[in-house]
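This report goes through one protein model, part by part. Please look over the sequence and the structure before reading on.

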Amino acid sequence: MEQLFRFSKKRPYQSDMVNDIYDAVSRGNDILINAPTGIGKTDASIGAVLSYALHNNKTVFFLTPKISQHKIAIDSLRGIKQKFKLDFKYADIVGKQNMCINEKVNSIEGESFYSACEHLIKNSKCPFFSKVKLFKPEDDATMLDAADLGHNSVFEESYNQGMCAYEVSAKLAKNADVIVAGYSHLLNPYLKQAFLKKIAHSLDDSILIWDEAHNVLNAANSYFSVTLSTNGILRAMRELQSIGNAMDLGYLKFALDSLAKKKLEKLDEAFVAKDELPPDILQNANAIISQLENAALEYIEQSKAKRSATMHIAKFLNEWIQQGESTASIISRFGSSVKLSLTCLYPERAIPIFGEAHANVFMSATLLPLKMYSDLFGLEDAKLKSYGSPFPSSNKLAIIDADITTKYQERSVEQYKRIAEKIIRIKDSTPGNIAVFFPSFAVLDSTFRYMHDSDIYIQRREMKNIAVESIIKEFQKSDNSMLFGVMGGSLSEGIDYENNSIKGIVIVGIPLTKPDLELNARIEYINRRFSGKGSEYAYTIPAIIRAIQAAGRAVRSENDKAVIVLMDRRYKWSMYKSIVSNSIPVSEPIDYIGEIKRFWRMQGVK
Ligand code: SF4
């Protein structure tokens with residue numbers, strides 16, 4: 001069997017990965033892959049799966065959590081098509097909101113956008129949708145050329161022709177052998193059936209590649225999690241008033257206020273059972289949801305608003321009536337408002353998709369431990385594969401500093417002073433920028449007090465994206481600065497610092513989630529479902545993965561060099577160390593500052 005691969009040569013471990021994936025999917029097996037940055041996971045998975053799929057009449061879905069990851073998949077497919085002169089077809093689909101060319105609705109946000117679009121379609125009021133009915137991909141060479149370049153080109157061409165770019169993409173997907181799409185198209189059960197019907201593909205004849213698969217469960221949980229607040233209800237009441245709608249939501253606010261009075265007298269947060277909302281809300285929920293949706297659409301149309309609090313209440317009630325064992329409902333106060341959160345603890349409504357496909361390929365640089373993900377995805381007999389880093393091991397020095405801990409009981413002014421002193425010493429021994437990632441803003445702030453260096457870029461609580469981007473830009477321009485951020489945040493995950501702009505990373509402590517009712521509920525649920533694994537799967541391992549993600553920001557290409565210091569004695573504990581060592585081989589030298597200086601001398605830098 002000819003192996004489809006766009007480049008002439010494979011990278012270290014890439015051949016193994018291609019063979020393992022081909023072997024698994026050709027037997028109809030699922031495979032979970034932990035492969036470090038630099039192996040070329042996208043090319044390996046697309047090449048291997050396509051080599052099998054094209055000869056066996058299977059459709060390939062390449063599914064990603066972010067739009068930015070579509071480009072490399074499209075580049076890989078285009079490269080294979082050109083190199084092997086093949087005539088297979090692929091389609092690139094991003095969320096409807098990003099492909100909408102109807103200016104009447106395309107600035108509306110969230111669930112309100114989808115309802116507004118559906119409303120227009122149902123009433124034949126979107127001319128761009130209607131025009132797509134006449135579109136025949138096989139007769140439109142310009143559109144087919146655009147499809148080979150990805151969703152941006154399809155959007156431009158659709159815009160030029162006055163057609164809905166989402167519907168055009170869906171038509172292109174009907175005849176496609178490969179579909180590149182966001183997770184939600186298949187993972188969100190609310191969208192899955194309609195999407196598959198629209199593109200006329202079935203899952204049993206499909207192979208699903210889940211890119212950045214460590215995000216799959218969180219993404220799925222988010223589809224079923226929603227919050228209602230008394231401030232949101234007041235906003236919705238004002239919206240209804242503004243359109244002269246007589247619906248009264250006062251009873252819903254009263255219900256939340258009464259619950260808070262009853263439950264939060266001595267507590268900060270408390271569980272709420274489904275039937276603790278007034279029975280008439282539950283009994284008439286479907287009718288109320290429909291009235292709310294209609295009113296929200298009227299409000300959006302009349303006021304040209306981008307979002308609607310009324311629509312949000314409809315979404316909340318829809319989830320509230322469907323909640324099951326895998327959700328937790330928690331009431332708390334947020335300033336002057338009362339907040340009722342419905343949190344999905346485990347996405348049992350989304351998980352069945354994995355069993356419906358011919359095979360799944362799950363891959364990530366932090367899919368650790370593989371057995372945990374295999375359990376959580378509900379897979380039996382899946383292949384579990386882990387590969388080494390293709391980058392020279394001599395490019396990285398990773399050290400555990402066991403002299404420190406940020407364990408809650410041991411936090412003190414003295415401890416923060418020592419952390420600050422150590423960071424300064426690491427900075428003084430490093431020829432360039434260092435990034436320091438903390439377990440929380442509280443530890444970041446407490447340490448920062450003892451830093452006497454003004455050249456520090458700091459991530460603040462609730463910082464807007466634009467401010468974060470500006471910090472990253474400025475920090476990368478510098479060659480002798482420090483960056484302070486938190487683990488699990490936008491500075492420590494999903495970002496590539498360019499041109500080896502970070503020479504040192506300090507991981508301070510372990511980013512364990514602060515214990516609260518939600519965490520307890522999640523641990524208990526996982527305990528029940530996965531024989532006592534709750535604490536490990538829901539608490540400890542996710543924290544270590546956040547630390548590994550942060551530690552991985554420095555070395556992104558084969559020429560990048562960096563030092564990583566894991567500053568907490570718990571990294572020596574066997575469970576923590578075994579997971580960390582899978583991604584970062586760590587040492588524990590006595591004089592690690594001396595070791596850092598020696599490392600840079602060996603690199604010929606200092
Ligand atoms: S059908 Fe397409 S163009 Fe029309 S509103 Fe919906 S997404 Fe926008």
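Helices and strands are runs assigned by DSSP, helices with at least four residues and strands with at least two, and they are numbered from the N terminus. The model described here is predicted.

## Domains

The domain assignment of the protein gives three parts: domain 1 (14–105 + 126–217 + 348–386), domain 2 (226–344) and domain 3 (393–602). Taken over C-alpha atoms, the centres of domain 1 and domain 2 are 36 Å apart.

## Around the ligand

The ligand is surrounded by 14 residues, and the closest are Cys100, Cys117, Cys126, Phe129 and Cys164. Two or more residues of this shell come from each of α5 (110–122), α6 (127–132) and α9 (165–174). The most come from α5, which gives three residues.

By residue type, the shell around the ligand holds 11 nonpolar residues, one polar residue and two charged residues.

Strand β4 covers residues 178–182, and five of its five residues are buried, so the strand is largely enclosed by the rest of the structure. In a regular strand, side chains alternate between the two faces of the sheet. Both faces of β4 are covered, with Val178, Val180 and Gly182 buried on one side and Ile179 and Ala181 buried on the other.

Strand β2 (residues 59–64) pairs with β4 in the parallel sense over five bridges, and Phe61 has Ile179 of β4 as its bridge partner. Strand β3 (residues 90–93) also pairs with β4 in the parallel sense, over four bridges. Here Asp92 stands opposite Val180 in β4.

## A six-stranded sheet

Six strands make up an open sheet with parallel pairing, in the order β12-β17-β16-β13-β15-β14. From one strand to the next, the twist averages 15°.

Strand β12 runs parallel to β17 (residues 562–567), and six bridges join the two. In this pairing, Ile400 stands opposite Leu566 in β17.

Elsewhere in the sheet, strand β13 (residues 434–438) is joined to the parallel strand β16 (residues 504–508) by four bridges, with Val436 opposite Val506 in β16. Helix α21 (residues 441–448) lies across β13, β14, β15 (482–486) and β16, and runs at about 150° to β15.

Most residues other than glycine have a negative phi, and most peptide bonds are trans. The bond between Leu368 and Pro369 is a cis peptide bond, with omega about -15°. Pro369 is placed in the loop between β10 (359–364) and α19 (370–376).

Ala200 is not a glycine, yet its phi is positive, at about 55°. This residue sits in the loop between α11 (189–199) and β5 (206–210). Is Ala200 buried or exposed? Ala200 counts as exposed because it has 11 C-beta neighbours inside 10 Å, and the cut-off for exposed is 12 or fewer. Asp381 also has a positive phi, near 60°, and is a residue other than glycine. Asp381 is found in the loop between α19 and β11 (383–386), and is exposed, with 8 other C-beta atoms within 10 Å.

Note on methods. Residues numbered from 1 in each chain as written. Predicted model: local features only at pLDDT ≥ 70, side-chain atom pairs only at ≥ 80, totals over all residues. Near = placed C-beta within 6 Å. Nonpolar A, V, L, I, M, F, W, Y, C, P; charged D, E, K, R; others polar. Buried ≥ 20, exposed ≤ 12 C-beta atoms within 10 Å, placed from the backbone. Pairing = 2+ DSSP bridges. Axes fitted to C-alpha atoms, helices over the stretch in contact; angles between N-to-C directions. Contact = placed C-beta atoms within 7 Å. Domains from an automatic or database assignment.
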